Amino acid sequence: MNKTAICTDSNSGITQSEAKELGIFVLPMPFVLNGKACFEDINLTQAEFYDALAKGAEISTSQPAVGNVTDLWGRILESYDEIVHIPMSSGLSASCHTASMLAEDFGGKVEVVNNQRISVTQRQSVLDALEMANNGISAAEIKARLEAAKFESSIYIMVDTLKYLKKGGRVTPAAAAIGTVLQIKPVLQIQGEKLDAFAKARGVKQAKKILIDAMRADFEGRFADCATPDKMHLEMAYTYNTEAALEFKAEVEQAFPGFDIHMDPLSLSVSCHIGPGALAVACSKKINTK
């Protein structure tokens, strides 16, 4: 039986210390902060990132350098026979496509999963892959099972400020100014490949209701055959404001009793595009890991 390693990137929300506890590998996503190269959870913490953001630092992101990816895989293969690599969604970054091309030089020892996940749903895919590997399932079969379920998840995100969407060119300065005055909170969705607009809320209270109602609609529609705690994962994510996130988590738990909800901070490479104060609710259908 092959010894299979599980590898992901920091967009999964899995920290380096958590990776060591789980026995997996996490590729840190790179940043340029005021001209300095930084790597999430290596030399850039969540606190340092938001402090720099508040001070107006120039921050840009990119996909991992080719050498960083291949060097990591090479080190892993010194101790493992094969690798399942689970990057962020190909619809949100070119890093998945790049990894797939790089894997061609590893003689079938690296399987790159393109299952359209990010943040807490990506994390769940990593945990599923780890369980399958521990059950003796091959890297190729793990990839096949994860990709077969690629559209069986949802994420809804409330953005608290339009500042960073404006900065990234996703809304015009005029629309951002009007939206700020009117306390508009955009709600975005990820169902499959792309991040799309979903709704506009007037204030946080209405935005939270939209998030819960959207997830309830999914449970009653798309996932009507599996919307129970034994068949569905319910997850949450947020940026910066832990107190507000915990308050919203209590509301979600009340709306969906019986679910054991996992919540993580959003990865920094997502956070830099939406800023602090964001709240997200997500779900992913449980898959067979035996």
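This is a predicted model: local features need pLDDT of at least 70, side-chain atom pairs count only at pLDDT 80 or more; totals for chains, interfaces and linings use all residues.
Close-up 1. Side chains of opposite charge can pair when their charged atoms come close.

**Close-up 2. Further salt bridges of the model.** The structure holds ten salt bridges, among them the one between R145 and E141, whose closest N and O atoms are 2.9 Å apart. Both of these residues belong to helix α6 (residues 139-148), where they lie four residues apart, about one turn of the helix. R145 counts as partly exposed at 21% relative accessibility, and E141 is likewise partly exposed, with a relative accessible area of 34%. In another pair, K55 forms a salt bridge with D51, the closest N and O atoms being 3.1 Å apart; here K55 is exposed, with a relative accessible area of 64%, while D51 counts as partly exposed at 39%. K208, E247 and E251, in turn, are linked in a network of salt bridges.

**Close-up 3. The aromatic pair of W73 and F106.** A search of the whole structure finds eight aromatic pairs, one of which brings together the rings of W73 and F106, with centres 5.3 Å apart and planes at 85 degrees, so that the pair is edge-to-face. W73 lies in helix α3 (residues 66-76) and F106 in the loop between α4 (95-103) and β7 (110-112), so the pair ties together parts that are 33 residues apart in sequence. Both W73 and F106 are buried.

**Close-up 4. A cluster of rings, and a lysine over a tyrosine.** Ring pairs link F31, F49, Y50 and Y240 into a cluster. In a separate arrangement, K3 lies over the face of Y80, at 4.7 Å from the ring centre.

**Close-up 5. The open sheet of β4, β3 and β5.** Three strands form this open sheet in the order β4-β3-β5, and their pairing is antiparallel. The edge strands are β4 (36-39) and β5 (59-61), each of which pairs on one side only. Neighbouring strands of the sheet are turned by 30 degrees against each other on average, direction ignored. Four bridges join strand β3 (residues 30-33) to β4, and in one position V32 has A37 of β4 as its bridge partner.

**Close-up 6. Strand β13 and its pairing with β8 and β11.** Six of the seven residues of strand β13 (residues 279-285) are buried, so this strand is largely enclosed by the rest of the structure. Strand β8 (residues 153-158) runs antiparallel to β13 and is joined to it by six bridges, while seven bridges join β13 to strand β11 (residues 232-238), again in an antiparallel arrangement. C283 of β13 takes part in both pairings, being the bridge partner of S154 and standing opposite L234.

**Close-up 7. Helix α5 and the glycine that follows.** In helix α5 (residues 119-134), 13 of the 16 residues are buried, so the helix is largely enclosed by the rest of the structure. At 1.5 Å a residue, its 16 residues should span 22 Å, and the end C-alpha atoms are 23 Å apart, which agrees with that expectation. The helix α5 is followed by G136, whose phi is positive, near 85 degrees.

Note on methods: Residues are numbered from 1 along each chain as its sequence is written. Side-chain values use heavy atoms; hydrogens and water are left out. Two strands pair if DSSP finds at least two bridges between them. Helices (H or I, at least four residues) and strands (E, at least two) are DSSP runs, numbered from the N terminus. Axes are lines fitted to C-alpha atoms, for helices over the stretch in contact, and angles run from 0 to 180 degrees between N-to-C directions. A salt bridge is a side-chain nitrogen of Lys or Arg within 4 Å of a carboxyl oxygen of Asp or Glu. Buried means under 20% relative accessible area, exposed over 50%, partly exposed in between (1.4 Å probe, protein chains only). Rings of Phe, Tyr and Trp (its six-membered ring) pair if their centres lie within 6.5 Å; planes under 30 degrees apart count as stacked, over 60 as edge-to-face and the rest as tilted. A charge sits over a ring if NZ of Lys or CZ of Arg is within 6 Å of the ring centre and within 35 degrees of the ring normal. The expected span of a helix is 1.5 Å times one less than its number of residues.
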